[in-house]
Amino acid sequence: MKEPEDSDCPPSTPWLHRGYKILMGSSHGPVVLLRSPAWKPGVTEDKLPWDLQAACGPKDVRKVQRWESLSPSKNIDAIPYLTESARYECGAEKGSEVAYFDGQSALLYRFDKKSIKPIRDVISLKFKAMQSSGILLHREGQYGNHITLELIKGKLVFLLNSGNANLSPTNAPVNLTLGSLLDDQHWHSVLIERLNAEANVTVDKHAHHFHTKGGSSYLDLNFEISFGGIPTPGRSRKSFHGCLENLYYNGVDIIELVKTHKPQIRIMGNVSFSCPQPQTVPVTFLSSRSFLALPGNSGDDKVFVTFQFRTWNRAGRLLSGELRRGAESFVLFLQDGKLKLSLSQLGQSWRNVTAGAALNDGQWHSVSLSAKWSHVGVAVDDDAAIQSLVAVLIDSGDTYYFGGCPDNSSGSGCEGPLQGFQGCLRLISIGDEAVDPISVQQGALGRFRDLQIDSCGITDRCLPSYCEHGGECSQSWDTFSCDCLGTGYTGETCHSSLYEQSCEAYKHKGNPSGLYYIDADGSGPLGPFLVYCNMTADAAWTVVRHSGPDGVTVRGAAASFAYAAGAGQLRAAVGPAERCEQRLALRCGTARRPDARDGTPLSWRVGRTNETHTHREGSLPDAQKCTCGSEGNCIDSQYYCNCDAGRNEWTSDTIVLSQKEHLPVTQVVMTDTGRLHSEAAYSLGPLLCQGDKSFWNSASFNTETSYLHFPTFHGELTADVSFFFKTTVSSGVFMENLGITDFIRIELRAPTDVTFSFDVGNGPCEVTVQSPTLFNDNRWHHLRAERNVKGASLQVDQLPQKMQPAPVNGHVRLQLNSQLFIGGTATRQRGFLGCIRSLRLNGMAVDLEERATVTPGVEPGCAGHCSSYGHLCRNGGRCREKRRGIACDCAFSAYDGPFCADEISAYFETGSSMTYNFQEHHILSENSSALASSLHRDATLTREMITLSFRTTRTPSLLLYVSSFYEEYLSIILANNGSFQIRYKLDRHQDPDAFNFDFKNMADGHLHQVKISREEAVVMVEVNQSAKKQVILSSGTEFNAVKSLILGMVLEPPGADPDTRRAAARGFTGCLSAVRFGRAAPLKAALRPGGPARVTVRGHVVAASRCAAEAGSGSPARELAPWLAGGAGRSGPTDEGEPLPNADGNDSAVIGGVIAVVIFILLCITAIAVRIYQQRKLRKENESKISKKEEC
């Protein structure tokens, strides 16, 4: 056997470990036992190895013959270390009864009514099929109800039909498909057991249980049962061709009754009592290099070849040869599961004909190829195709090649990339003569390579299917694959979930609020389901909505509430949450009573597990209280709920249900509405769960000898492990579990290497992920390892996943028996120093903290998350440590939200402005000069960072203006042509530094992002995160006595240049967002409640959801419309597109509105005039005082 290339896993050699290997066989039939030099002499034919007994059954083994020693160079030369072979037949037990059915016969058993056991039925038999389809047993009733066991294309189909066409879908007929390749001419066992409505069907020790929901209708059957066929005339169902053994019906030996000619048995056709040996000899093509070369009828004027094949491969060369020696040739091959015949003639291009479809289904298919005169035909099963030839004289070649071609062979269609056939052939015939494979094996006919003669070694690798979570299994001759599309899972066996375990996990990947699928048990059996994740600054909330009514008016009936998740999924999501709640809002009419006179509750709710509770059980903070009772504000202080007060008015209550084990509510029942004048209504909110304790469940390992131990990890066929780790040491074992020889281990082997190693009986195998950066950087790293029958994989963080395929035909079961060690090993060596968090084994969370509290050297919990998750806090947000996770402090950010990533935007209408005051103005005088100097000195800047985003079509525009008490200023404007300009005046005695950045017309209606940073005289400007320019100031390096920041219109900015004054007079019309000057965020201060009272808003400035939205269809230059309607200073958003109420008031209302507008305009003019007068007076006073100082 060829060793895998570039593999750390040894080749599969189980016969070296145990001294033998079963090459092929089934529960009954020929079994080939290969023996190696490690064979123990004490094992004799009378004392067979247990593997062979397991294959046959411990009571069914008897030796048929001993084969001669086989050379590795012959038909099984692919098996290394082979010295001799023996063949055993798993035959019938002593005293067993056998009956042979020829495909046209049947048995009908009529039983006494008194012998019927209506509660329990047991049918057992063994069968060996000569054909792939046929009825094994059938029993029916008078109304079409029946029980049928039928072999269809090598699979057993068990059908249980009540005959009632009006059954609901839940009571639909039972139709089970069991087994595969059961037409392999080997013995197979069947056991059918029914007890009342429960039933089991077992095929070759594989049991299937089901519930017969049809009830007693399944028992209404006739008092007869047929075996081997349906004796009723006119039935088209195919009868069974093969042998039945040990056929029992409720303890009655049916074959014994036949042999003794009992009157209860009726025989139709020919039934004999011995099972003939199969007359066909199949041949297995083990690899794509396998070939069988057989002599043709050289010189014959026709070609006629027939055979049968079965395979799983979609492609492969079946047959090639010559139609005329040295001139014309043909190739018969499979492509995409179809049979194709390709013809080559001198002077002609290759021509193809196609027949059949889906021929790689593992079933036997009959093929015939014929050529004579000017036609070549090929037929597969019932599908035929014919290709005309240029008139030639057929002169068949000397040799036909089945499968691949010999080495260095280029003729007869052997050229090209097409691989040889892998599968089984039988009933090969060339001309009118059948080919005897035994003669080929003995060297008397033809030649071959890599064949297995006298057995078909096909294996159904999809039964049982290793594809999990509904993945669809498909296979080739050597392997299988799983199609995971639409399952929500990925990986070689659809084992790994595509989704995170909780909203908490999504949040700490930086995801915003929205709809997400969560998979609470990861790779476990529970599927993903859709929830809404509400990411807040302090927590991630999981919102599970129900499909019930929003409001229910009670009429003495129950209302049910269904959820998108099942009970198991909800339990897995609710369990690890920090807390959960569900709100029940009640509106009650007159004089409701909480309970009946005898104390019986008149209303209750049903929880997740169908338990019932009164409405006030499970509410917080006090049991038996509604929210008003807990807060002490009920309408009647004698009661803890408003609805209990008995008022002749409508009242309302809110009950917050918070006992997790009772949530969510699935049903609400109220029965107190039948009394006179008693009414009620209620609404049930969604299930809300906060956080995920398992995501932060962690342990700190403080010594190399410390560890946590848990029960044995069970992952025989599939095992996955995931966790977070952080450390400062260079190596250590994360986890280890041992068996007798098997083991599994995950360790940090070097500062940049993580290794996953295991042994399932094929020798140690390792998968290693190497990182370009250090793993021991005291940051959290996520690790996920998986092993299954296809191989092993390991991924750390976002590094490329490393995979290692499993050895072909190797051991697949991981057998462990010791305790599972976390953070160390059984030898207490190479222990791990650091933290492990969120450990999951096969999707199930492991409670590290609980075990750590009672383990020396290990502490529950692990601090320090900002080093790993601090990057989630964006736009100047600061990471704040929490016991479980982090929170982003957005106090000094222009953004908001859980990650300081939600932009704060506002729409400025024409003439509006927003002023942010850095410090209060103090009237300067000679007596207060020291105070003023102190205030001004505090506001002197040598560097600042400015960010803003805008969208407008108006020019000129003033984007931002910063003033000082000394007539110094900074202005950011859009000129008439839409160019971006900056004015810095840091010395009032000098002209401002003016910079025109020729980026493009930025008044184009699109969103533009600006970032300006100044370090003394060096100013760096970045636009739209790409274009960058640097300029140097000449007017100074200090921005003194910074006074205020203004967005929008500025009335006569003192000392400003003409361009700034023109832009200030026009102000800004459009959308501004993410405005920040140093630590000041004016939009946030104005639009978010609780901000500093430093902002003054004039005109219409309203909150907008986002400035990034397009202006609408049409030209980009289309004038921007405000996102939201509202008055000056409104900061709360309203629903976009909400219609305005109809203005249908009377004339007086219109006149009153006009008068109010006129008065408002007059007041505004007066205020503006007063403001202008104050600014001019202040400027004159400052100038006079400065001139006095200069004179002194």
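Visitor: Which residue stands opposite Thr915 in E81?
Guide: In this predicted model, Thr1096 of E81 stands opposite Thr915.

Visitor: What makes E70 and E81 a pair of strands?
Guide: Pairing requires at least two bridges. Strand E70 (residues 913–917) and E81 have 4 bridges, in the antiparallel sense, so they count as paired.

Visitor: Why is E81 called an edge strand?
Guide: E81 belongs to an open sheet of 7 strands with the order E75-E74-E73-E72-E79-E70-E81. Strand E81 (1095–1098) pairs on one side only, as does strand E75 (993–997). The twist from one strand to the next averages 10°.

Visitor: What makes Cys467 and Cys482 a disulfide?
Guide: The sulfur atoms must lie within 2.5 Å. Those of Cys467 and Cys482 are 2.0 Å apart, so the pair qualifies.

Visitor: Why is the disulfide of Cys467 and Cys482 called left-handed?
Guide: The torsion about its S-S bond is about -85°, and therefore it is left-handed. For Cys628 and Cys634 the torsion is about 85°, so that disulfide is right-handed.

Visitor: Why does Cys467 count as buried?
Guide: Buried means under 20% relative accessible area. Cys467 has 11% relative accessibility, so it counts as buried. Cys482, at 15%, also counts as buried.

Notes
Residues are numbered from 1 along each chain as its sequence is written. This is a predicted model: local features need pLDDT of at least 70, side-chain atom pairs count only at pLDDT 80 or more; totals for chains, interfaces and linings use all residues. Side-chain values use heavy atoms; hydrogens and water are left out. Helices (H or I, at least four residues) and strands (E, at least two) are DSSP runs, numbered from the N terminus. Axes are lines fitted to C-alpha atoms, for helices over the stretch in contact, and angles run from 0 to 180 degrees between N-to-C directions. Buried means under 20% relative accessible area, exposed over 50%, partly exposed in between (1.4 Å probe, protein chains only).
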